[in-house]
Amino acid sequence: MKLPWMNRADRRRWGSAENLQELGHLVASWLIGDIASQPGYQPHCGPEEETQRLIPVLVAVNRLGFVTDGSQPGENGFGTNGRWWEQRAAVSGLVDDPQLRDRLVAAAEVAGLIVVQHDMTPRRHAEGVPVTRSQGRVYTVFGCFLPVRSLRTIWEPEIIGHRTFDKVTAAWQLTLVDPEWARDDVLWEALAEVVRQYRLDAVEKTVREAQRMLDPEYLKRQYAYPDRARGHVQACVDEALAEVIDEAKLSGCTDADIALATGGR
C-alpha cells in the first residue's frame with residue numbers, strides 16, 4: 001500500500017542536500033527510481049509515462065546542476081477525448097552555476113530554441129510559453145515566473161531544509177522550449193551536447209591532474225620514496241581517468257572526441 005506521505009528515509013535524503021547540485025543528484029535518483037518520492041509530487045509516484053524516454057538526458061543535466069522541475073516531449077495525436085493534441089518539447093528548472101547557465105543558453109540559442117529566464121529581481125517578468133494546445137486552445141504553459149510562495153509548494157523547505165531552499169530562491173529559473181510543435185529531438189540533443197562538453201572537460205581536467213601528480217618534482221615533495229610511490233600514483237590516476245572516460249562514452253562522446261581531450265594519452 002502506498003503511504004499518503006513521503007517516508008522517513010526519503011525525507012532524510014532530501015534533507016541532506018546542501019546546495020543545488022546535490023539537489024540535482026537527488027532529482028536524478030528520483031528519476032531512475034532510487035528515491036520513491038520527490039517534493040512537489042504525489043508521494044511514492046515516479047515520472048510520468050511520457051517522461052520515460054527523456055530520463056537519460058534529464059538525469060545527466062540534473063547531475064550537472066540544472067535541477068529540472070518540469071519537462072515534456074514534443075508530440076501530437078488524438079487524446080482519449082478524441083481531440084487532436086499538440087505538444088512542444090520543453091524543460092524547466094533551476095540553475096545557480098553561471099557557467100552552466102551560459103552553456104545551456106548558448107546551446108539552446110544555437111539550436112533555435114526559445115529561452116525564458118527569471119531571477120528574483122523585482123521587475124516585469126516575461127510571460128510563459130504555450131507548450132500544449134488542442135483545437136486552438138492553450139492548456140499548458142512553461143516558463144512562468146515562480147515567486148517564493150510558489151517555490152515553497154514545489155521545494156518544500158520543511159523537506160529540503162531552509163538553507164537549501166534559500167539557494168532555490170536565489171537560483172535562475174530557466175526554461176527551454178522547442179518553437180516547433182511535436183518536434184522531439186532538437187531540445188534533448190542540445191541538452192545532451194552540453195552534457196558531452198562537461199564530460200570532455202572532466203577528461204581534460206583529469207589528464208592535467210594526472211600529469212601534475214606524476215611530475216617527478218611533485219613526487220619528490222610528496223613522498224619519501226618517490227620511485228616506489230610512482231607505481232601506486234600511476235594506478236590511481238589511471239583508475240580516475242578510466243572512470244571519467246567511461247562517463248564520457250556513456251554520454252555519447254566519440255573515441256575521436258576523447259582522444260582529443262586526452263591528447264592521445
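1. Strand β4. In this predicted model, both faces of β4 are covered. Ala-90, Ser-92 and Leu-94 are buried on one side, and Val-91, Gly-93 and Val-95 are buried on the other. Since six of the six residues of β4 are buried, the strand is largely enclosed by the rest of the structure.

2. Partners of β4. What strands pair with β4, and in which sense? One partner is β1, which pairs with β4 in the antiparallel sense over five bridges. Within this pairing, Thr-68 stands opposite Gly-93 of β4. Another partner is strand β8 (residues 172-177), and here the antiparallel pairing runs over six bridges. In that case Ala-90 stands opposite Val-177 of β8.

3. Ser-71 in strand β1. Ser-71 has its place in strand β1. A relative accessibility of 18% is under the 20% limit for a buried residue, so Ser-71 counts as buried. Leaving aside neighbours within four places in sequence, Ser-71 is in contact with Ala-90 and Val-91, among others.

4. Strand β6 (residues 129-134) and strand β7 (residues 137-142) pair in the antiparallel sense over five bridges.

5. Helix α2: extent and ends. Helix α2 has 12 residues and reaches 16 Å from its first C-alpha to its last, which is close to the 16 Å expected at 1.5 Å a residue. The N-terminal end of α2 is capped by Asn-19, with a side-chain oxygen 3.2 Å from the backbone nitrogen of Gln-21. After the helix comes Gly-33, whose phi is positive, near 95°.

6. Helix α2: burial. Is α2 enclosed or open to the outside? Nine of its 12 residues are buried, so α2 is largely enclosed by the rest of the structure. The buried residues are Leu-20, Leu-23, Gly-24, Leu-26, Val-27, Ala-28, Ser-29, Trp-30 and Leu-31. Among the elements that cover them are α1 (8-15), α3, β1 (67-72), β4 (90-95), α6 (157-160) and α7 (162-170).

7. Thr-164 in helix α7. One of the covering elements, α7, contains Thr-164. With a relative accessibility of 2%, Thr-164 counts as buried. Not counting residues up to four places away in sequence, Thr-164 touches Ala-17, Glu-18, Asn-19 and Leu-23. Of these, Asn-19 is the residue that caps α2, and Leu-23 is among the buried residues of that helix.

8. Aromatic pairs. A search of the whole structure finds four aromatic pairs. The rings of Trp-30 and Tyr-41 have centres 4.8 Å apart and planes at 50°, so this pair is tilted. Trp-30 lies in helix α2 (residues 20-31) and Tyr-41 in the loop between α2 and α3 (55-64), so the pair ties together parts that are 11 residues apart in sequence. Trp-30 is buried, with a relative accessible area of 4%, whereas Tyr-41 counts as partly exposed at 36%. For Phe-78 and Trp-84, the ring centres are 4.9 Å apart and the planes are at 75°, so the pair is edge-to-face. Phe-78 is exposed, with a relative accessible area of 63%, and Trp-84 is partly exposed at 37%.

9. Charges over rings. The charged end of Arg-101 sits over the ring of Trp-172, 3.8 Å from its centre. Arg-228 likewise places its charged end over the ring of Tyr-225, 4.6 Å from the ring centre.

10. Arg-152 in helix α5. Arg-152 lies in helix α5 (residues 148-154) and, at 40% relative accessibility, counts as partly exposed. Arg-152 touches Pro-157 and Phe-165, not counting residues up to four places away in sequence. How far apart are Arg-152 and Phe-165 in sequence and in space? They are 13 residues apart in sequence and 8.1 Å apart in space, C-alpha to C-alpha.

Key
Residues are numbered from 1 along each chain as its sequence is written. This is a predicted model: local features need pLDDT of at least 70, side-chain atom pairs count only at pLDDT 80 or more; totals for chains, interfaces and linings use all residues. Side-chain values use heavy atoms; hydrogens and water are left out. Rings of Phe, Tyr and Trp (its six-membered ring) pair if their centres lie within 6.5 Å; planes under 30 degrees apart count as stacked, over 60 as edge-to-face and the rest as tilted. Helices (H or I, at least four residues) and strands (E, at least two) are DSSP runs, numbered from the N terminus. Buried means under 20% relative accessible area, exposed over 50%, partly exposed in between (1.4 Å probe, protein chains only). A charge sits over a ring if NZ of Lys or CZ of Arg is within 6 Å of the ring centre and within 35 degrees of the ring normal. The expected span of a helix is 1.5 Å times one less than its number of residues. Contact means heavy atoms within 4.5 Å. A polar contact is a pair of N or O atoms within 3.5 Å; within protein, one must be able to donate a hydrogen and the other to accept it, and residues adjacent in sequence count only if both atoms are side-chain atoms. Two strands pair if DSSP finds at least two bridges between them.
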